[in-house]
Amino acid sequence: QVQLVESGGGLAQPGGSLRLSCAASGATFSIKAMGWYRQAPGKQRELVALDRFAEDTIYSDSVKGRFTLSRDKPTHTVTLQMNDLKPEDTAVYYCNAVFGPNSALSLGWGQGTQVTVSS
């Protein structure tokens with residue numbers, strides 16, 4: 001199993017910045033991808049950014065050019081730098097990991113952290 005612990009988030013004004021971090025522990029050797037999803041009230045959870053370790057990093061069209069996902073391999077941590085925040089970025093953000101053998105991949109989720117963008 002993989003455990004995910006999130007930090008960061010909070011309140012920012014439009015145009016401001018916030019940073020989210022997520023540290024993985026447990027079976028970190030089996031992680032294939034890590035990133036962030038978000039869920040706004042009344043909406044489905046959606047992908048924000050995902051680092052696919054053996055491939056590339058993908059971003060939602062709504063955050064491209066504003067958000068940057070980075071990974072620190074030794075600490076098994078991913079960080080989402082969010083710039084030029086907009087009110088529509090307000091949501092609960094969840095760290096995600098895809099792990100396990102390719103024949104039986106599993107999903108792990110953090111507890112969620114609130115991001116609110118408001119003046």
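This is a predicted model: local features need pLDDT of at least 70, side-chain atom pairs count only at pLDDT 80 or more; totals for chains, interfaces and linings use all residues.
Residues are numbered from 1 along each chain as its sequence is written, and side-chain values rest on heavy atoms, with hydrogens and water left out. Local features need pLDDT of at least 70 and side-chain atom pairs count only at pLDDT 80 or more, whereas totals for chains, interfaces and linings use all residues.

We may begin with the core. A nonpolar core is taken as a set of buried Ala, Val, Leu, Ile, Met, Phe, Trp, Tyr and Cys residues joined through side-chain atoms within 4.5 Å; buried means under 20% relative accessible area (1.4 Å probe, protein chains only). The largest such core has 28 residues, and Met34, Trp36, Leu80, Met82 and Tyr93 have the most contacts inside it. At least two core residues come from each of strands E1 (2-8), E3 (18-26), E4 (31-39), E5 (46-52), E7 (67-72), E8 (77-82), E9 (91-99) and E11 (113-117); strands are DSSP runs of at least two residues, numbered from the N terminus. The most is given by E9, with 5 residues.

Tyr93 has contacts (heavy atoms within 4.5 Å) with residues that include Trp36, Leu80 and Met82, as well as Glu6, Arg38 and Thr113, leaving aside residues up to four places away in sequence.

Turning to the cysteines, the structure holds 1 disulfide (a pair of cysteine sulfur atoms within 2.5 Å). The sulfur atoms of Cys22 and Cys95 lie 2.0 Å apart in this link. The link is left-handed, with -85 degrees about the S-S bond. Cys22 is buried at 0% relative accessible area, and Cys95 is likewise buried at 0%.

Conventions: Buried means under 20% relative accessible area, exposed over 50%, partly exposed in between (1.4 Å probe, protein chains only). Helices (H or I, at least four residues) and strands (E, at least two) are DSSP runs, numbered from the N terminus.
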